[in-house]
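Work through the exercises below with the coordinates open. Each task is followed by a stepwise solution.

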Amino acid sequence: MKELICLGIESTAHTLGVGIVKGKKILANERSMYQTEEGGMIPSEVAEHHRKVKYDVLDKALATAKLSIEDIDVISFSQGPGLAPSLAAGMEFAKELAIKHKKPLVGVNHICAHLEIGRMITKAKDPVFVFVSGANTQIIAHEGGKYRIFGETLDIGLGNALDKFGRIVGLGFPAGPKIEELAKHGKLVELPYAVKGMDVAFSGIITKAESLYKKGTKVEDLCFSLQETCFAMLTEVTERAMAHCQKHEAILIGGVAANKRFCQMLDDMCKSRDSKFSPVPLQYCGDQGAMIAWQGLLVYTSCKNLPSIEDIDFNPKWRVDEVDTPWIK
Ligand code: AMP
Ligand code: MG
């Protein structure tokens, strides 16, 4: 059977991405990220950015894949969750291409796409997913026919929490990599350890770190202690999710997966349980089109009764535990 080619469009937040896959082969993964001097994201400006760069990113992706749009079998796009104006820009682009070139269109869940590209790249079969990005912090596993969230942040995502601390002490954005560097020269000071059941919270920890900073505690010590405390909290919840679901693999996804100390803690925990830890390579950790293309293929080839193009809409609040997963047997 001919391997289908899918073109995926990502636009949930700061990135407009176009990826192309042929079966499990990633042929292209081009993107353009919205940036500002001040570091904030204004939703209408982000959508404006996506509309401005979309044809450039599409042309680059097709050139990299050495294909023309006529070679594409299916088009997919991120339906949610995300910022409404960005989602609208992505959907508008996807519909325009699908109608103009007479291609089938599928909308996919953005979080699910992060999980599935992680599984495809690491070859993990049935892992616990540690998903830690700027806005998201969730511990997820597949149970009873759906992805379920076993633990999550009760307030802000860990990446945003680290960036907030970075703003307070003047590290610039994104602060994660700088915190990791400074932490190498720090020692432990006590910060609140905030695990509640299977959930975690980061706001109180950042408030405490801010007050210690104002009282003169060294930034290096705070960086070291933030990492040790927050990563230990997430490692504990991940271990309990693995025990509860009897899973023997864990994978780390999201921008915070760049952190070596976090990977080491998860790896140590997995080794002590005779389990396997795999970080997802950085180019597939953050938002990009290849994950949307791969998820598009999974949905297109396994889901019956896909909606027709005029019935497809975006959903800014679409949770991953609401997604049917017929591609997982
Ligand atoms: P994403 O939302 O997936 O694009 O991830 C971006 C987030 O990852 C930002 O909040 C960064 O501060 C964070 N991040 C990037 N590199 C590191 C690192 N080495 N350690 C900790 N956090 C990081
Ligand atoms: Mg994302």
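**Exercise 1: a helix pair**

In this predicted model, α1 passes α2 in a right-handed crossing.

Task: Describe the contact that α1 and α2 make, and give the angle at which their axes cross.

Solution.
1. On the α1 side, the contact residues are Pro43, Val46, Ala47, His50, Arg51, Lys54, Tyr55 and Leu58. Those from α2 are Pro85, Ser86, Ala88, Ala89, Glu92, Phe93, Glu96 and Leu97.
2. Sorted by class, this contact has 10 nonpolar, two polar and four charged residues.
3. Helix α1 covers residues 43–65 and helix α2 residues 84–100; their axes come within 8 Å and cross at roughly 30°.
4. Angles under 35 degrees count as roughly parallel, so α1 is roughly parallel to α2.

**Exercise 2: a second pair**

Task: Determine how α4 is oriented against α7, and which classes of residue form their contact.

Solution.
1. The axes of α4 (residues 158–169) and α7 (residues 219–245) come within 12 Å, crossing at roughly 170°.
2. An angle over 145 degrees counts as roughly antiparallel, so α4 is roughly antiparallel to α7.
3. Leu158, Phe165 and Val169 of α4 meet Val219, Leu222, Cys223, Leu226, Cys230, Phe231 and Leu234 of α7.
4. By class, the contact has 10 nonpolar, no polar and no charged residues.

**Exercise 3: the domains**

Task: State the area buried between domain 1 and domain 2.

Solution.
1. Domain 1 comprises 5–114 + 285–322, and domain 2 comprises 127–281.
2. Their C-alpha centres are 28 Å apart.
3. Domain 1 gives eight residues to the contact and domain 2 gives 15 residues.
4. About 970 Å² is buried between them, 66% of it from carbon and sulfur atoms.

Methods: Residues numbered from 1 in each chain as written. Chains lettered and ligands numbered in written order. Predicted model: local features only at pLDDT ≥ 70, side-chain atom pairs only at ≥ 80, totals over all residues. Heavy atoms only, no water. Axes fitted to C-alpha atoms, helices over the stretch in contact; angles between N-to-C directions. Helix = DSSP H or I, 4+ residues; strand = E, 2+ residues; numbered from the N terminus. Parallel < 35°, antiparallel > 145°, perpendicular 65-115°, else oblique. Left-handed = near helix turned anticlockwise from the far one by under 90°. Contact = heavy atoms within 4.5 Å. Nonpolar A, V, L, I, M, F, W, Y, C, P; charged D, E, K, R; others polar. Domains from an automatic or database assignment. Buried area = accessible area lost by both parts, 1.4 Å probe.
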